[in-house]
Amino acid sequence: MEPPDAPAGARRAPRLLLLALLLAAHPGAQAEVHLSVPPLVEVMRGELVTLDCTPLGAHDHYVLEWFITDRSGARRRLASAELQGSELQGTVHDTRGRSPPYQLDSQGRLVLAEAQVGDERDYVCVVRAGAAGTAEATARLSVFAKPEATEVSPNRGTVSVMEDSAQQIATCNSRNGNPAPQITWYKDGQRLEVPMEVNSEGYMTSRTVRETSGLLSLSSTLYLRLHKADRDASFHCAAHYRLPSGQHGRLESPPFRLTLHYPTEHVQFWVGSPSTTAGWVLEGDSVQLLCRGDGSPSPEYMFFRLQDNQEEVLNINLEGNLTLVGVHRGQSGTYGCKVEDYDAAEDAQLSQTLELHVAYLDPLELSAREELSLPLKSSTAVNCSVRGLPSPSLRWTKDSVPLGNGPTLSLSSVTFDSAGTYTCEAFMPTVSLSRTQSFKLLVQGSPELRAEETEPEAESSWREGDEATLVCSARGYPEPKLTWSQPGSSSAEPVPGRQGWVSSSLTLKVTSALSQDGVSCEASNPHGSTRHVFHFGTVAPQIPQAGVAVMAVAVSVGLLLLVVAAFYCMRRKGRPGCCRRGEKGAPPPGEPELSHSGSERPEQTGLLMGGASGGTRGGSGGFGDEVGEGLGRLVRGDLLDSGTAPRHRLTSLSSPQC
């Protein structure tokens with residue numbers, strides 16, 4: 001391509017001839033230069049920008065120049081570089097007041113540090129390669145800037161739905177972006193398609209401002225004609241901006257709602273706390289009446305009570321609440337609420353009424369006193385009366401056991417079992433209200449007696465000395481007194497689980513005399529007495545234990561004698577004829593026998609008292625002598641003198657030789 005300052009006319013013939021000769025002499029020379037330059041460079045504001053301009057092919061010498069195109073289309077040279085040998089020598093000619101200034105690197109690339117919005121221009125690279133020709137290429141630089149957070153300024157006033165034209169809703173602002181963003185509006189999350197042309201239903205206006213920094217700010221104002229259905233609508237706006245490489249971003253504003261003015265169409269009037277059924281409230285409670293109209297702003301509420309078809313004004317306020325503190329039965333009646341809204345339609349129902357019923361229940365009244373005393377087998381009726389609203393129901397119970405419903409309790413032929421506590425209960429299921437009143441029935445009469453006795457242990461009859469426990473239980477009114485014919489009885493005590501009964505017990509030894517006379521228990525009170533006699537039948541005598549004891553003692557003593565005899569023989573062993581059985585002859589002269597009558601002879605001391613032959617060994621204190629003396633005393637005192645113990649001859653053990 002030709003340089004910009006080349007003449008526009010035809011070249012002269014000598015130059016054409018010279019060029020042809022040069023091309024013929026250098027067949028490898030090229031007719032033009034090709035450049036590698038990106039046509040579009042997109043960066044974010046503040047980033048580093050490098051514009052590349054690379055000649056294609058091999059060139060020994062060329063001159064590279066960078067130009068900037070201003071808004072009028074004129075070119076101004078920024079920098080140039082010349083290839084000398086293998087190095088490229090560059091120079092920046094004009095910085096145009098940019099900070100930081102333009103730079104040219106060692107490869108001839110134009111460098112812009114911290115890209116700015118003002119750098120958005122067309123940059124032209126021109127390469128002159130002498131005989132190879134001249135080439136140029138243009139790189140367009142686009143600088144993007146993300147705008148600040150989207151702000152919205154809603155209408156803080158009251159927007160009337162009664163207007164016939166669109167009213168200002170809000171203004172949305174998106175500041176300091178590049179290129180300029182776009183703003184869209186939304187209601188309840190749905191995009192609003194509103195035109196830019198003014199009309200009565202809705203439109204929007206936009207205004208773009210370039211800031212001193214070169215960035216762009218956009219504001220958009222929305223106008224709409226609203227309706228009562230928009231009273232709870234949520235609005236917001238969003239700014240849409242572009243980024244490098246075809247990307248996009250979106251910044252949404254916070255949502256907002258509007259205050260609308262619309263007339264009242266309907267009024268609601270009800271009883272708030274406490275919760276009630278069919279309009280009933282409890283006497284003494286604090287009752288809250290609530291009134292609400294659907295107009296905006298909140299209208300004025302007037303509460304009244306109808307008395308003889310006249311409205312008695314109770315309160316006027318803007319809250320729509322009326323509290324009746326400690327209501328009483330005289331406050332039952334018709335209450336009303338009226339809304340004062342002069343913008344409402346003529347046919348709008350602005351007044352409502354309700355019926356307030358105060359429930360109450362007075363204390364119950366019984367025809368009987370707290371204690372009712374009746375003779376045994378008599379009859380009577382007790383009435384229960386009560387006043388209350390709504391009408392209460394009555395029921396009777398005895399000791400928490402249901403008896404029946406109704407105001408009258410009939411008691412016929414009462415018995416001791418009829419005694420107890422009777423309760424009349426009045427209740428209102430509608431309002432969960434109830435009261436009770438009780439009386440105690442006492443049945444007077446001669447005592448009723450029940451007797452219990454212990455069965456004998458030995459088969460079916462009592463024996464002399466057996467222990468028996470007798471129990472008497474009685475009931476009546478006044479409480480009966482229990483007495484026994486024998487001493488040792490316990491005091492009368494109530495019987496657990498048996499209302500009205502008292503009992504007393506007596507523990508004694510069975511004897512023949514008791515068998516004949518019996519033991520009596522008597523229950524008495526002022527109305528009479530009743531008596532019960534316990535009989536034991538035939539009482540068998542006790543089995544004697546003395547003979548058995550004597551036999552046991554005799555056997556024990558016999559065994560002891562055998563043991564002592566054996567031990568004694570062992571002490572005397574080695575003497576001829578000592579302790580030998582079967583050598584019984586006539587006793588030596590002078591040795592007496594132990595007679596059956598138990599008489600003691602002097603010769604007897606040979607064994608029992610340690611005789612002459614026994615005393616010669618071991619001295620006078622020998623073991624055999626002591627044992628013999630002890631056994632002698634035992635036999636003489638406990639065995640020989642016993643009338644039942646047998647007597648034995650001891651001649652075989654009293655030999656003088658042992």
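Buried denotes a relative accessible area under 20%, exposed over 50%, and partly exposed in between, computed with a 1.4 Å probe on protein chains only. The structure is a predicted model in which local features need pLDDT of at least 70 and side-chain atom pairs count only at pLDDT 80 or more, while totals for chains, interfaces and linings use all residues. Residues are numbered from 1 along each chain as its sequence is written, and side-chain values use heavy atoms, with hydrogens and water left out.

1. Cys384 and Cys424. A disulfide (a pair of cysteine sulfur atoms within 2.5 Å) joins Cys384 to Cys424, with an S to S distance of 2.1 Å. Cys384 lies in strand S32 (residues 380-385) and Cys424 in strand S37 (residues 420-428), so the pair ties together parts 40 residues apart in sequence. Strands are DSSP runs (E, at least two residues), numbered from the N terminus. Cys384 is buried, at 3% relative accessible area, and Cys424 is buried at 0%. The torsion about the S-S bond is about -90°, so this disulfide is left-handed.

2. Other disulfides. A search of the whole structure finds five disulfides. In one of them, the sulfur atoms of Cys53 and Cys125 are 1.8 Å apart. Cys53 is in the loop between strand S3 (49-51) and strand S4 (54-56), and Cys125 is in strand S10 (residues 122-128), 72 residues apart. Both Cys53 and Cys125 are buried, and their link is left-handed, with -80° about the S-S bond. Cys172 and Cys237 form another disulfide, with their sulfur atoms 2.0 Å apart. The torsion about the S-S bond of Cys172 and Cys237 is about 75°, so that disulfide is right-handed. Both Cys172 and Cys237 are buried.

3. The search finds 23 salt bridges, each a side-chain nitrogen of Lys or Arg within 4 Å of a carboxyl oxygen of Asp or Glu. Arg225 and Asp164 meet in one of them (3.7 Å, N to O). Arg225 is in the loop between strand S18 (216-224) and S19, 61 residues apart from Asp164. Arg225 is partly exposed at 26% relative accessibility, whereas Asp164 is exposed at 58%. Lys228 forms a salt bridge with Asp294, the closest N and O atoms being 3.0 Å apart. Lys228 also lies in the loop between S18 and S19 and is buried at 17% relative accessibility.

4. Further charged pairs. Lys338 forms a salt bridge with Glu311, the closest N and O atoms being 3.6 Å apart. Asp417, Glu448, Arg450 and Arg475 are linked in a network of salt bridges.

Note on methods. Helix = DSSP H or I, 4+ residues; strand = E, 2+ residues; numbered from the N terminus.
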